[in-house]
Amino acid sequence: MKYIINLFFIFLLLFGKPLIAQVQTEQELLGRASYIQGMEAFENEEYEKASELLLEAKRNLPEASGISYALADTYLMMNDLPNAAFYGKEAVNSEPDNKWYRLKLAQIYRSAGQNEATLDELNTLLDYHPNDFDALIMLADTYKDYGQFVKSNQTLDQILKLRGSDISLLLLKFRNYEALLVPDSAVVQLEKIRQIDPDNLEMLNLLGEYYLRTGNSDQAKEALGDALERNARDPQSLINLAGIYLDEQKWDSAGTLLGNFVSDPLIEAEKKLNVAQFLYSRVQNDPQNIQLRIETERVMDAFSESESDFGPAFTLSGQFYVQTAQLEKALEKLEKANELLPQDEIAWRQRLQLLLQQQKYEEVTQVGEKADVSVPDDAFIQFFVGSAYMLLNENEKAEEWLVKASRAPARRPFKSAVYSTLGDARANLGKHESSDEAYELALRYDPENDNAMNNYAYNLSVREENLERAKELALKAIEVAPENAAYLDTVGWVYFKLQDYDRAQRFIKASIDTGAASAEVLEHMGDVYEKLDNLEEARKWWRQALEQDSSRTYLKEKIN
């Protein structure tokens, strides 16, 4: 409670009545001046200054209860509760029947968590001023805060008898009944509010949600239907009613309701977006539901058709089609989103990631360079472009883009992925020292980055450098992903370089047994058997590697 006090009220607080033609001492004049300046500082929220001026006023006018009250209020605003209570009690003791003094003291006790003292002051105030509205309201609220919900409601009933029906009071009773787990009494309060203000859509939605939570879906639908009769374009009512239809597995009813909404040309695009996002979230939570997916698809298409110039409609539609593995439609929607809203980084990222997954590396670089102009310094965009250049074997360009990505703001796990890929690109360029630095940074940002561990270990093994570190990294990587064929092969190859051919053969066989081994793994198995002096078995694996990857023509010499 903060009160704006005019000068007339200041004098009343000080002296009980205005003084006219009364002789004033110099001390009194100084006290009044300090008091008025203190109250001005208080209203300007300069509480330290206010306290200094009011204390000066107190020294000059020690009997003025209004100064004690003002000091109590000032110290309360400063959160100095001991001093606030001291001056609050002083004011109350001077004028026990003063309503505002006692309310302030109750407020101070309440802020200090002194429950009994708060209630004592409020009940004493009501002895002096029975049925005082401000005291009763604070008493009801205090009971509620202390968990005495029954007493709170009894006090609210007393106020309602005095003041008549009031929405805010009924809403407080509703919350108390909710806390008491008495749903029937709670809903009665909402129905009373509905009678007072039948056009209140927020209250009708709350009533609908509450009926639904208590298992009364028919009454919930009736309340929400009432809301839609009053405003057929209220998005919250539509979402709530559609949610009931979805829970009842009435997919077409929900789809029709929301489809009509997003097709309505009179409704704002932002409101349509909220409805479409609601439906998309349901698909995310239930991705195997074909009926839900089809209804959502209809709504998404209607949304993007009715709002053909609204970028977020196409971004959301693109995300939906990614979720449902309709990748060409997703790319079509995301491309349109990029045209309409080029500053939307989400649409660019999603599109680039899809193109990268489809191995359209040239297109990734072309689209990514456009994206970098519209959304500069985006780590994800720069990472996707750098990765595409690396996969095109253009490692110098890859390094350039990945360095940019490493400097852009991003969270630690993603920073780790960027540095890991930068390490790969530099390894391809033969920049081994800077490659190792990048891998170390990747592991510093995310010590559990198994891909960085594996690639770093493999590069060390190929160079036959620091093989113990390579073994440590490779073994840690398979702890994270024990079924990864590439990781198992790396462990085997490190052991091969350590001339531990028995372990090398076992780990490389485990890689092959996963069914996901590459031609390189098959070649490695042949190399192991060569070291084990089993040339017939070695040739068998080299032949399989050549069959799987005909570009490994050098294997013909080894086989012959």
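Here is a short walk through some helices and a few residues of this structure. It's a predicted model, so local features need pLDDT of at least 70 and side-chain atom pairs count only at pLDDT 80 or more, while totals for chains, interfaces and linings use all residues. Residues are numbered from 1 along each chain as its sequence is written, and side-chain values use heavy atoms, leaving out hydrogens and water.

Let's start with helix 2 (residues 26–43) and helix 3 (residues 47–60), whose axes come within 8 Å and cross at roughly 160 degrees. Helices here are DSSP runs of H or I with at least four residues, numbered from the N terminus. The axes are lines fitted to C-alpha atoms over the stretch in contact, with angles running from 0 to 180 degrees between N-to-C directions. Helix 2 and helix 3 are therefore roughly antiparallel to each other (that label is for angles over 145 degrees, and roughly parallel is for those under 35).

Now compare helix 12 (residues 201–213) and helix 14 (residues 235–247), which pack at about 15 degrees with axes 10 Å apart. Helix 12 and helix 14 are therefore roughly parallel to each other.

On to single residues. Leu180 sits in the loop between helix 10 (167–179) and helix 11 (183–196). With a relative accessible area of 32%, Leu180 is partly exposed (buried means under 20%, exposed over 50%, partly exposed in between, using a 1.4 Å probe and protein chains only). Glu328, in helix 19 (residues 327–340), is exposed, at 52%. Glu328 and Leu355 are 27 residues apart in sequence, and their C-alpha atoms are 10.0 Å apart in space.

Terms used
Helix = DSSP H or I, 4+ residues; strand = E, 2+ residues; numbered from the N terminus. Parallel < 35°, antiparallel > 145°, perpendicular 65-115°, else oblique.
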